Amino acid sequence: MAKRVAVIDIGSNSIRMVVYEKTSRYAFHILHEEKSKVRLSENAYKHDGDLQADPMRRTYDALSDFVNIAQSFKVRKTLCVATSALRDAPNKKDFLKKVQDGLKLNIKVIDGLQEAYYGAMACVNLLPRLSSALSVDIGGGSTEFSLINDQEISGGVSLNIGTVRLKELFFDDNDLSGATKYVDSQLSFLDAIDVSTLVGIGGTFRAISSSVMQQSHYPLNKLHGYDYSTKVFKKTISNILKADENELIKLGVKSNRLDVIKPGALILERVLNKIKSKNIITSGVGVREGVYLGDLLRTSKDRFPHNYNASVKYILDSYVEDKTYSNQLNSLSKQLFDLTSDYLKIESKYRYELGLAAKLYPAGGSVHFYSQNKHTYYLIQSALEYGFTHQSIMLIATLTRFAKSRLPASTHLRTYKKLLPSENVTNALSFILSLSVALLSHRPRNVDFNLKFNDGELVVESVNNLYLSRDAVDKLDCDRKFKIKF
C-alpha cells in the first residue's frame, strides 16, 4: 500500500478528506484533514432526489481543492467514496462524469450495506473492545446500523432517514409528528435487538456528546472513545429537541449544525425507544477510516493483528529512537509490578498500562530533552488515539508525566479524578515507573541485575557496582513504597 493515501467521503451534508501516512506496515497517522459543508443533497429530496445545480457546483469546487491538497502532500493513492446523496440521485451519472473528466477523480458510489460495514469496521479496529454493541451512523441522507458482538460485525442495515432528508421533508414544515411517524416506520427491525452499548458515528452524535462533555465539565478534551450513560444521553437529546436556537448554542451546538441537529436528535430518540442499551460510546471514526482500513488491512481480513495497536506503534515509530531502552523499561516495570503488586494492593488489570507507560516514556525526549516528561504526556493525551478507553489514556499519560521526578501532583489527581484509579494505586504505579527509570540510569546493553522482593524490601543483586542506579534511586523525590537494598 502507498505510504500516503487520501480518502474523500462525499456525504449528503458534508464532504471530508483525510490524508493518512503510514509509519510502518500497519501503523499510521493523519497528516491533514479538511471538511466542507457543501450540502450536496440540498433541495434534492423535494425534487425526487435529483441533485440541484448549486449544490453540485459547490461540491465540484470543493473536490477540486481537495485534489490540489492531496497533490501538495504527494499522495500516491486517492480513495473517493460517495454515500446517500449520490446513491439516491437519478442524475448522478452527470455529476460523476463531470468530476471524472474535469478532476480525473474516480468516485465510487457505495451501497448502504457497504457504508454500514465501513463504519462498523472502523469502530471494531479503532475503539476499545466491543462485546455487545449496535453502531449507528447518522448522515444527511441515510442512517446505517451494524451489530457488533465480540468484535464480529453482522446485521448491517441502511435506512433512508438522515438529518437533511428529515429537515427538508418534515422539519422545514414544522411537521414533528410526521417526522416521528416516518422514523418509527423505518425502525421496526430494532425490536429484536438486544445490546448493552450504542456506538455513535457521525456529526450528529459527536455534537450531542460534545454537549454532554461541556455540560459535565469533562476533564479530557477528546471525543473519540468518550463513554457515558444512556440516561445522560437521553436527557441531552430531550433538551435539544425542546431548545430554541439560542438555547442550542448554550448547549454547545455549533452554528453549522443548528438546522440539522434536531432531525438527528429525533432519530436517536426513536432508536433509544426501541433498544435498552446502558452505555453510550462516541466514535471519532467512521466511513473514511473504514475505507482506509479496508485498503490497509485487505490481506488480514479487515483486522489488525492480535494485540496490535496502531497508535502505540505510530508513537514508537515516530518518537522513540532507542527501542532497546524502551523495551527494557517495559520489561522491568512489569517485573517490578509482578514482584510488588500484592504488597502494594494493586489490581493486575493495571499491569498493561504500567508497561505501556514505561515503553512510551522516552518519546518526549525526541521533542525536547529537558522537558521530556511534559512532551511524552502531551503526546499520549493526543496521539494515543485508537483502541484505548479515556481511563487508560489518562493513566498512561499521568505515569509518564511524573516519572523520575515525584509522585503525581495533588492538583493533577483532583482534575482527573473521574478518569484515574484511587490516589494510592496511581501513586504506587508512578513509584514503580520512577524506580524502573532509576534502575536503568546506566543504560546497560543487557539488564545486568536481578531483583528479589520479600517482606517489603526489594533487593537488587548485580556483579557490577551500579553506581548511577544507586545514585538515581537515592535521589527519587517521592515517598518510598518499600525499602530498596543493593
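Visitor: How many bridges join strand β1 to strand β4?
Guide: This is a predicted model, and the strands concerned are β1, residues 4-10, and β4, residues 77-82. The two strands run parallel. The number of bridges joining β1 to β4 is six.

Visitor: Which residue in β5 stands opposite Ala 82?
Guide: Strand β4 is also joined to strand β5, residues 107-109, and these two run parallel. Three bridges link β4 to β5. The residue opposite Ala 82 is Val 109.

Visitor: Is Leu 198 buried or exposed?
Guide: Leu 198 is found in strand β9, which covers residues 197-201. Leaving aside neighbours within four places in sequence, Leu 198 is in contact with residues including Leu 134, Val 136, Phe 205, Phe 233, Leu 272 and Ile 275. The cut-off for a buried residue is under 20% relative accessible area. Because its relative accessibility is 0%, Leu 198 counts as buried.

Visitor: What distance separates the C-alpha atoms of Leu 198 and Asn 330?
Guide: Leu 198 and Asn 330 are 132 residues apart along the chain. The separation of their C-alpha atoms is 35 Å.

Visitor: Are helices α4 and α11 roughly parallel or roughly perpendicular?
Guide: Two packed helices are described by the angle and the distance between their axes. The axes of α4, residues 112-126, and α11, residues 287-296, come within 7 Å and cross at roughly 80°. Angles of 65 to 115 degrees count as roughly perpendicular. Therefore α4 is, relative to α11, roughly perpendicular.

Visitor: How many residues of the contact of α4 with α11 are nonpolar?
Guide: Helix α4 contributes residues including Tyr 118, Met 121, Ala 122 and Leu 126, and α11 contributes among others Val 287, Val 291 and Leu 293. Four residues of this contact are polar and two are charged. The number of nonpolar residues is seven.

Visitor: What radius of gyration does the chain have?
Guide: The chain comprises 19 helices and 14 strands, and its C-alpha atoms fill a box of roughly 85 × 45 × 40 Å along the principal axes. A compact globule of 486 residues would have a radius of gyration near 23 Å, and the value for the chain agrees with this. That value is 26 Å.

Visitor: What percentage of the contacts join residues at least 24 apart?
Guide: Of the 486 residues of the chain, 57% count as buried. The contacts considered are those between residues at least 6 apart in sequence. Among these, the share joining residues at least 24 apart is 70%.

Note on methods. Residues are numbered from 1 along each chain as its sequence is written. This is a predicted model: local features need pLDDT of at least 70, side-chain atom pairs count only at pLDDT 80 or more; totals for chains, interfaces and linings use all residues. Side-chain values use heavy atoms; hydrogens and water are left out. Axes are lines fitted to C-alpha atoms, for helices over the stretch in contact, and angles run from 0 to 180 degrees between N-to-C directions. Helices (H or I, at least four residues) and strands (E, at least two) are DSSP runs, numbered from the N terminus. Angles under 35 degrees count as roughly parallel, over 145 as roughly antiparallel, 65 to 115 as roughly perpendicular and the rest as oblique. Contact means heavy atoms within 4.5 Å. Ala, Val, Leu, Ile, Met, Phe, Trp, Tyr, Cys and Pro count as nonpolar, Asp, Glu, Lys and Arg as charged, and the others, Gly among them, as polar. Buried means under 20% relative accessible area, exposed over 50%, partly exposed in between (1.4 Å probe, protein chains only). Two strands pair if DSSP finds at least two bridges between them. The radius of gyration is taken over C-alpha atoms; the globule rule is 2.2 Å times the number of residues to the power 0.38.
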